[in-house]
Amino acid sequence: MAVVSPSELGGLKSPEYLAIHPQGKMPALQRCFIPDGDDGRLPCLAESDCISRMLMDRYASLSPSFQPCNPQSNVIARFFDIYLAPLQGAMYKFGPPFAQFGMRADALKEYQKQLSILEQMIPEVDGLYLLGNEVSYADATLFPSLIFANFMLPKFGVETPLPPKLSKWFDQVREEDSDFKKIYQEVSQTGESAFANSIFCSAAPLITLTAAFPCLTKNRL
Ligand SMILES: N[C@@H](CCC(=O)N[C@@H](CS)C(=O)NCC(=O)O)C(=O)O
């Protein structure tokens, strides 16, 4: 599978990219890039949730399955997509609007409130992953975006970016699962170098993060 920056197609809002994703957002999947992917049904697929579900279905015979039919995993993933993901722009967009908010501070406060609600949805289970010993779609949905939140929130004065259960899980998977470790290094190194190259400025946040982080969504796993 090839990962291509939308800038190679003229940018997110170019006619070429809008033909792939009418909302001009990342990610989008061109099915011809996956083995046997261009089966004539849909040449392009937008929305990270739909891309992920298509891939889980297509590779269902491979392990791990990511538990695509587990209601608890799905509810965590859906909660994240609906209530947290739209607020992420407050951590990288240069100016408003930030979802329904005109002020960055209000959007960041709402993001933290939603994180605390998400925390209550995390079950008390033993095991490396959110739902126990098997990785699920919930892990794949939360992890890449929470690397970003963990990296960015302190730059806005938030000293403890992740609540306790999420923080424990986050540290565990990034240390003990080699795929999560790889994603962690990839996303955080991109952030560090963006700061080093002054794409960000902590004094006056900021930001052209969309360019710095090709995609912060679940299908990075
Ligand atoms: N619901 C969409 C959200 C996609 C999204 O907001 N992507 C961000 C980057 S992670 C983006 O493309 N932002 C640029 C913009 O909104 O112009 C999904 O999950 O695919």
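This is a predicted model: local features need pLDDT of at least 70, side-chain atom pairs count only at pLDDT 80 or more; totals for chains, interfaces and linings use all residues.
Let me start with helix α3, which runs over residues 71-84 and so has 14 residues, and which reaches 19 Å from its first C-alpha to its last, close to the 20 Å expected at 1.5 Å a residue. Which residues of α3 are buried? They are S73, I76, A77, F80 and L84, and, seen down the axis of α3, these buried residues fall within an arc of 95 degrees, so they line one face of the helix. On the other side of α3 we find P71, V75 and I82, which are exposed. As for what the buried face meets, the buried residues of α3 pack against α4, residues 104-121, and against α5, residues 137-152.

I would like to stay with the second of those partners for a moment. Two packed helices are described by the angle between their axes and the distance between the axes. For α3 and α5 the angle is about 25 degrees and the axes are 7 Å apart; angles under 35 degrees count as roughly parallel, and α3 and α5 are therefore roughly parallel to each other. The crossing in which α3 passes α5 is left-handed, and the contact is made by S73, N74, I76, A77 and F80 on the α3 side, with Y137, A138, T141 and L142 on the α5 side.

Helix α5 also holds A149, a residue that is worth a separate look. Is A149 buried or exposed? With 24 other C-beta atoms within 10 Å, A149 is buried, because 20 or more such atoms is the cut-off for that word. Leaving aside its neighbours within four places in sequence, A149 is in contact with M91 and P161.

Now let us turn to helix α6, residues 164-176, whose 13 residues should span 18 Å at 1.5 Å a residue, which agrees with the 18 Å between its end C-alpha atoms. Its buried residues are L166, W169, F170 and V173, and they cover an arc of only 105 degrees around the axis, which puts them on the same side of α6. On the other side of α6, P164, K168, D171, E175 and E176 are exposed.

I will finish with the backbone. The bond that joins M26 and P27 is a cis peptide bond, with omega about 0 degrees, and P27 is found in the loop between α1, residues 15-20, and β1, residues 28-30. The peptide bond from P96 to P97 is also cis, with omega near 5 degrees, and P97 has its place in the loop between α3 and α4.

The remaining two places concern phi. E47, in the loop between β2 and α2, has a positive phi of about 80 degrees although it is not a glycine, and E47 is partly exposed, with 16 other C-beta atoms within 10 Å. Q67, which lies in the loop between α2 and α3, is not a glycine either and has a positive phi of about 50 degrees, but Q67 is buried, with 20 other C-beta atoms within 10 Å.

Conventions:
Residues are numbered from 1 along each chain as its sequence is written. Helices (H or I, at least four residues) and strands (E, at least two) are DSSP runs, numbered from the N terminus. A residue is buried if 20 or more other C-beta atoms lie within 10 Å of its own, exposed if 12 or fewer, and partly exposed in between; C-beta atoms are placed from the backbone. The arc is that of the directions from the helix axis to the C-beta atoms. Two residues are in contact if their C-beta atoms, placed from the backbone, lie within 7 Å. Axes are lines fitted to C-alpha atoms, for helices over the stretch in contact, and angles run from 0 to 180 degrees between N-to-C directions. Angles under 35 degrees count as roughly parallel, over 145 as roughly antiparallel, 65 to 115 as roughly perpendicular and the rest as oblique. A crossing is left-handed if the near helix is turned anticlockwise from the far one by less than a right angle, and right-handed if clockwise.
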